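Q: Could you walk me through this one? I have the sequence and the model open and would like to go region by region.

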Amino acid sequence: MFKKARTKLTVYYLAIIMAISIFFSLIIYQSTTFELRRIENMQRIRKPNPAFLIDPDIVKETKSRIFFTLLTINSFILGLSGISGYFLAGKTLAPISKMIEDQKDFVSNASHELRTPLSVLKTQIEVALRDKEMSLDEAKKLLESNLEDVNNMTKLSNYLLELNKFQNSENIIKFKKVDLANLVIDALKTLKLNDDKTIKTELNKSVINCDPDSTKELISILIDNAHKYGESKEISLSLRNKELKISDKGTGISREDLPHIFDRFYRGDKARSHDGYGLGLSIAKQIADNHGAKIKVESKINKGSTFKVIFS
Ligand code: ADP
């Protein structure tokens with residue numbers, strides 16, 4: 001599909017360039033041969049002294065030389081613009097092609113993540129239906145496990161919806177001046193971690209222009225991760241000059257994982273023992289991008305991680 005589109009775009013570029021080139025060549029041809037035509041006409045009408053007569057063959061030859069020069073120039077333009085048009089078409093289409101590839105990967109990852117628990121659920125229900133001696137207790141246990149799977153799938157579909165929402169955020173995010181410290185406190189309350197003795201806060205007033213709902217979501221994701229991967233050790237939150245720092249002393253992130261943690265569905269090696277789908281940080285990054293904010297990470301394996309969000 002990409003090759004076809006590239007060829008089509010090259011043909012469009014060529015058609016435009018050649019139309020312009022031929023148009024100007026015609027003007028050049030007309031204006032340069034105008035004088036020659038005028039002399040020819042004058043000679044025809046006035047019949048001048050043969051000593052001053054310009055040989056009609058020379059006039060004809062000059063005209064054809066101009067014609068062939070212009071033809072050669074146009075052939076060169078055709079060749080050069082063909083090559084450069086093909087190159088430019090490739091450059092123009094490359095980001096679109098990457099977007100389509102990313103979208104394909106996303107759809108296949110999302111359907112894979114949904115299909116796996118769905119087939120487990122289906123098998124469990126089928127086996128249970130065939131079991132004639134299942135007790136009420138066993139049936140309840142199975143239903144509880146099924147409910148957990150359903151809850152996980154709901155969580156995943158919420159993540160997917162959120163990712164989509166923040167990617168097409170132009171109409172839904174509403175910027176306001178707010179104190180970031182209040183958003184951090186709100187996020188802690190919603191996460192219900194504020195009674196956790198392991199969280200240390202040092203929050204200075206920091207007024208920024210942001211969409212409060214999505215910014216709170218970004219903060220919640222980072223605090224939730226610090227809690228999840230923090231191995232119940234101390235977590236510290238500090239806010240100074242529009243820079244929010246969230247540090248934990250937990251599992252840390254390996255060098256190999258670090259460049260990929262913001263990719264959709266990417267989960268580090270050490271994360272496998274915890275719940276998750278690898279979507280939190282990509283949502284956080286998307287929200288930060290929507291605000292022109294930067295997210296930086298420093299991490300050492302088994303020592304902990306520090307995530308910094310720098311708002312402008
Ligand atoms: P999830 O937590 O669901 O796996 P995220 O997108 O939030 O997905 O994070 C991606 C990966 O980044 C995680 O799987 C984990 O490997 C790593 N990660 C994120 N935050 C931390 C943290 N505070 N400590 C250690 N690893 C982290």
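A: Gln167 is partly exposed, with a relative accessible area of 31%, where buried means under 20%, exposed over 50% and partly exposed in between, for a 1.4 Å probe and protein chains only. This is a predicted model, in which local features need pLDDT of at least 70 and side-chain atom pairs count only at pLDDT 80 or more, whereas totals for chains, interfaces and linings use all residues. Residues are numbered from 1 along each chain as its sequence is written, and side-chain values use heavy atoms, with hydrogens and water left out.

Q: Which helix is Gln167 found in?
A: Gln167 belongs to helix α3, residues 136-167; helices (H or I, at least four residues) and strands (E, at least two) are DSSP runs numbered from the N terminus.

Q: And what does Gln167 touch, not counting residues up to four places away in sequence?
A: With those set aside, Gln167 touches Arg264 and Gln286, contact being heavy atoms within 4.5 Å.

Q: Is Gln286 buried or exposed?
A: Gln286, which lies in helix α6 (residues 280-290), counts as buried because its relative accessibility is 19%. Leaving aside neighbours within four places in sequence, Gln286 is in contact with Phe166 as well as Gln167.

Q: How far apart are Gln167 and Ile66 in space?
A: They are 57 Å apart, C-alpha to C-alpha, with a sequence separation of 101 residues.

Q: Switching to the sheet, what is the strand order?
A: The order is β2-β4-β5-β7-β6, in an open sheet of five strands with mixed pairing, where two strands pair if DSSP finds at least two bridges between them. The edge strands, each pairing on one side only, are β2 (199-203) and β6 (294-300).

Q: How do β4 and β5 pair?
A: Strand β4 (residues 235-240) pairs with strand β5 (residues 243-248) in the antiparallel sense, over six bridges, and Arg240 stands opposite Glu243 in β5.

Q: Which helix packs on the sheet?
A: Helix α5 (residues 212-228) does, touching β4, β5, β6 and β7 (304-310), and its direction makes about 20° with that of β5; axes are lines fitted to C-alpha atoms, for helices over the stretch in contact, and angles run from 0 to 180 degrees between N-to-C directions.

Q: Last topic, Phe23: where is that?
A: Phe23 sits in helix α1 (residues 2-46) and is partly exposed, at 48% relative accessible area.
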